[in-house]
Amino acid sequence: PKEIFLKDYTKPDYYFETVDLSFSLGEEKTIVSSLIKVSPRVQGSSAPLVLDGHDLKLLSVKVEGKLLKEGDYQLDSRHLTLPSLPAKESFVLEIDTEIYPHKNTSLDGLYKSSGNFCTQCEAEGFRKITFYQDRPDIMAKYTCRVEADKSLYPVLLSNGNLISQGDIEGGRHFALWEDPFKKPCYLFALVAGQLASRDDTFTTRSGREVSLKIWTPAEDLPKTAHAMYSLKAAMKWDEDVFGLEYDLDLFNIVAVPDFNMGAMENKSLNIFNSKLVLASPETATDADYAAILGVIGHEYFHNWTGNRVTCRDWFQLSLKEGLTVFRDQEFSSDMGSRTVKRIADVSKLRIYQFPQDAGPMAHPVRPHSYIKMDNFYTGKFLFAKGAEVVRMYKTLLGSEGFRKGIDLYFQRHDEQAVTCEDFFAAMRDANSADFANFLQWYSQAGTPVVKVASSYNAEARTFSLKFSQEIPPTPGQPTKEATFIPVVVGLLDSSGKDITLSSVYHDGTLQTISSSSTILRVTKKEEEFVFSDIAERPVPSLFRGFSAPVRVETDLSDDDLFFLLAHDSDEFNRWEAGQVLARKLMLNLVSDFQQNRPLVLNPKFIQGLGSVLSDSTLDKEFIAKAITLPGEGEIMDMMAVADPDAVHAVRKFVRKQLASELKTELLKIVENNRSTEAYVFDHPNMARRALKNTALAYLASLEDPSYVELALSEYKLATNLTDQFAALAALAQNRGKTRDNVLADFYNKWQGDYLVVNKWFLLQSSSDIPGNVENVTKLLDHPAFDLRNPNKAMNFHAKDGSGYKFLGDIVVQLDKINPQVASRMVSAFSRWKRYDETRQALAKAQLEMIMSANGLSENVFEIASKSLA
Ligand code: B3K
Ligand code: ZN
C-alpha cells in the first residue's frame, strides 16, 4: 500500500468542466457512460491524463468521438492512463464501464441496500463507479440520467433539479437530473428504488420555496416527522445565525438501512443511515432524537461548508468537517441547553479524541499523510478537534468578528476547492486579527498539556497565573512548538461571586479589562499573567466553557474544586470541577486497589454531589451530567500503565457508594420525575427523563430487591423507549435471572424493529458484566445478527485474551466484506502498548494474526501496521 503526502500536492493537469453521466441499472450489471468536457490547465500541455478506477470493467474510451484502441491507453488495476490527447482548449472524453452493485458489500461506490440502489462516494468511492480524476479539486457541473426497471425502481433520484422523466420500452423508465452548481465527484449521488416520501416546504428568507422530501420505505413514513422538523429547524437556523440560505428548489433526504457512516451530504440528495432518520417515541430514545437533530443539521449545513466551498485535497478535511461539526454543535446548543451540549461534546472529545491523539493513529487536524483516507473518518467524534479549533476563532473574535470572517470566506471562495489556510486568512483579514502561532493547531498532533500555577500577593493585591504548555511527542513528531491557547478566566471571591477584573499585566504591558471574565492569550512555552487590584486570595475558574482542547493540570486544592463545584458562574466549569475531583479521587482509589488497601470514598465528595443533586435551581440534565462519573477509558487514559481491572472495580465501587449514601435523594428524584404524559421532545422533558434515569441506574446498581422491583416497574410502565430502555439498561448492569428475563422480554417485544433490536445487541455487547465475551459470542449466532450490516457489527473493548481473539477473528472475517467497518474495529487494538505485559502479548498476537491474513485491505493494513510500529 502507498502512502500519500500533503507536501506532494500538485494541481491537476486537466480540469473537467461538465460531466454527463448515464446509468443503466440492472440486476446483474449496471452500465455507466460518462461524457466529460476536459480542458488542460496549461494550454498545449502534453501531460498524460490519469484517471482513477477500482473494480471497473472498461467497455470503451473515446476522445472527440473517436474510439481508442488497446495500446492507445494503459489500464492497470487502479488507473486508466491516456498518454496522448488533443492539444486543444477543450475536448470530449467518453467512457463506458460495467459495474456490479449487487456484489458490492463494501457499501462504498454504487451498491444495493434492501433491494434499492444507492451510492456513497466520499472519500474515494466515485472511482468504483467510473474512471475519473477522483479528487475534490476537480469541480464540474453534472447531469445524470438514470434508467431502470419501472416496477422494481419506481423512484429515480440524483443531485440537483429534475429536468425530465418518462417511460421507455421493456418496462423501463428514466429520469434526467441536472445540478447547476459545480461540485467534486465525492458529492455525486444516485438512489433508485421503492420509496415513498414525506413532503413539506420551506420558504427561504428571500422567498424561494423549497420542496423538502424525506424518502423511506412507505411503512416507515410515520417515523420521519422528527427528521422533517429537524431539517426545517436547521434551514431556519442557518439563515438566522450564519445568513446562509438554501440554493436550490428541492432538497431530498433518503434513509437506507445499510450505511457505513451516519449520513452523507451529497448535493441536494443527502443519504442517511436509517437510524438517524427514523424515530417514534416508542422506538427511539431521547439520545436518538437529539442525534437526528444534530446530524440532519450537520449534513444540511454542509451545503455551504463543504459543498459550495469544498476541500482542495483530503488533507484539508477539517476545513469542512471541523467547521460543520462546530456548526451542528452550535445548532444543537441553540435548540436545547448550551451547557449540557458543551459537556456532552467535551466528554466525547476526552473519550475518543484525546486517546487517539496519544496513540499510533495520532495526526494533526490537517494530517501530513495517509494510506487510506477512509481511516480518517472514524466517526463524527474525531472531527471534534477540528471543531474545537473553529470554536477558538470564535472565542478570540467574538460572535460578530467570527461572522465577519465567515462572510469573507464565502465572498472569496464560493464554488472553489480551498485549504485550511484560506479559512484562517479569511478570519484574520476580516478582523485584522493577530493570531500569533495559531496555525500550529493544524500541523501538530497530540493534545497540549497546560500546567497552571497560581499565587496571591496580599501586600501588592495581585494575583498571578503562570502557564506552561507542552505537547507530547507523537509518531513522526518528536518535538513540538508552542501553540496559541486562549484561556478564558474568571476569579471568584470568598462568597463565590465573580470579581470584576480591572487589569492584567503581561509581557511588560498593562491591559485594562473591566468585566467578570477575560481571555488570556497564552502563546509561549511559559508565560505569566498578573491581575491587579485583587482584594483577597481568589479561586480561579480556568478555561471557562473549555476554551481550548487541552489537558489542564492546576494547583487548585480539593477545597478550591469543591468551591467551584458549588459556586462557579460558568456552569460548564462547575461540572468540570466535579469531574476533576472525581478523576483525582478515582486515580487514588485505583492505586489503593492495586496495593490491596481498603477502598474508602471521601465523604466530602458524596456531600458535594449530594448538594448538586438537591439544588432545585439547576437544570435537571446538568445535574444528571454532574453526578455521572468519568468513564473507565478516561481514567485509564490518565494512567502510565492502564489497568482495566482496577479501574473497573473502582468505578463500580464509587458508583455503589454514592448510590447507597444518596439513595433517599435518588429515590425522590425517580418518584418526582415520572410522567404519564405523551412523549415530548424538548429540553425540559429530556432533562427530566435524563435525571430520573440516571438516578434509577444508580439505585439499581445496589442490587437491593426493592430497587430491582422499582426498575422492573419503570420498565413495565414506560410509555416511551427512553424510559423503557433506560430501565432495561439499569437492570442489565447485574448478572442474573432478572437480567436474562428482561432482555428476553425486550427482544420479544421488539424483534420486528431492526433499529430497536440493534440497541438490544449494543447494550449487551458493550456490557461489562463478567464473562461477557461468552455471551456475545453466542449473540453472533442470533437469527437477527448480520455481520454485513454496519449497525449491527459490534465494537468491544477487549478485556482478556478471549475478547481480543474474538475481535481479531471478526476483523479478519469482516475485512473481506466491508473494509471500512473492519478497520474501525481494529482500532480497538491500537493502544495495546498501554496495558500490562500479558495483555500486550495477547493483543499483539492478534494484530500480527490480522497482518498475516490473506488479501488484507489497505484500510485494515494502515491501522494494524501503525499500531504495531
Ligand atoms: N462527510 C461524511 C463522511 C463520509 C465518510 C466517508 N468514508 C458525513 C459527515 O460528515 O457527516
Ligand atoms: Zn460532515
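This is a predicted model: local features need pLDDT of at least 70, side-chain atom pairs count only at pLDDT 80 or more; totals for chains, interfaces and linings use all residues.
Is Ala460 buried or exposed? Ala460 is exposed: 12 other C-beta atoms lie within 10 Å. Ala460 is found in a loop, between strand E25 (449-457) and strand E26 (462-470). Gly490 is 30 residues away from Ala460 along the chain, and their C-alpha atoms are separated by 19 Å.

**Domains**

The protein is divided into domain 1 (4-281), domain 2 (310-443), domain 3 (449-549), domain 4 (572-661), domain 5 (662-732) and domain 6 (785-869). Take domain 4 and domain 6. Their C-alpha centres lie 31 Å apart. In their contact, 4 residues of domain 4 meet 4 residues of domain 6. On the domain 4 side, 3 of the touching residues are nonpolar, none is polar and 1 is charged.

**Ligand 1**

What surrounds ligand 1? The shell has 13 residues, and the closest are Glu122, Met261, Met264, Asp374 and Tyr377. By class, this shell holds 5 nonpolar, 2 polar and 6 charged residues. Strand E20 (263-264) supplies at least two residues of the shell, and helix H2 (286-301) also supplies at least two. Why does ligand 1 lie between domain 1 (4-281) and domain 2 (310-443)? Both domains give residues to the shell, so ligand 1 lies between them.

**A sheet of 8 strands**

Now look at an open sheet. Its 8 strands follow the order E6-E5-E9-E3-E2-E12-E15-E14, and the pairing is mixed. The edge strands are E6 (66-67) and E14, and each pairs on one side only. Strands of a sheet pair through backbone hydrogen bonds, either parallel or antiparallel.

| Strand pair | Sense | Bridges | One pair of bridge partners |
|---|---|---|---|
| E5 (57-63) and E9 (91-99) | antiparallel | 6 | Val61 and Ile95 |
| E14 (161-168) and E15 (172-183) | antiparallel | 7 | Gly166 and Phe174 |
| E28 (501-506) and E29 (509-515) | antiparallel | 5 | Leu501 and Ser515 |

**Two hairpins**

E14 and E15 form a hairpin with 3 residues between the strands. Gly170 in this hairpin takes a positive phi near 80°. Strand E14 is hardly covered: of its 8 residues, the count of buried ones is 0.

E28 and E29 also form a hairpin, with 2 residues between them. In its turn, Asp507 has a positive phi of about 55°. How many of the 7 residues of E29 are buried? The number is 0, so E29 lies largely in the open.

**Helix H19**

Finally, a helix. H19 (residues 754-765) has 12 residues. From its first C-alpha to its last, H19 reaches 16 Å, close to the 16 Å expected at 1.5 Å a residue. Which residues of H19 are buried? They are Leu755, Val756, Lys759, Trp760 and Phe761.

Note on methods:
Residues are numbered from 1 along each chain as its sequence is written. Chains are lettered from A and ligands numbered from 1 in the order in which they are written. A residue is buried if 20 or more other C-beta atoms lie within 10 Å of its own, exposed if 12 or fewer, and partly exposed in between; C-beta atoms are placed from the backbone. Helices (H or I, at least four residues) and strands (E, at least two) are DSSP runs, numbered from the N terminus. Two strands pair if DSSP finds at least two bridges between them. A residue is near a molecule or strand if its C-beta atom, placed from the backbone, lies within 6 Å of it. Ala, Val, Leu, Ile, Met, Phe, Trp, Tyr, Cys and Pro count as nonpolar, Asp, Glu, Lys and Arg as charged, and the others, Gly among them, as polar. Domain bounds come from an automatic or database domain assignment. The expected span of a helix is 1.5 Å times one less than its number of residues. Two residues are in contact if their C-beta atoms, placed from the backbone, lie within 7 Å.
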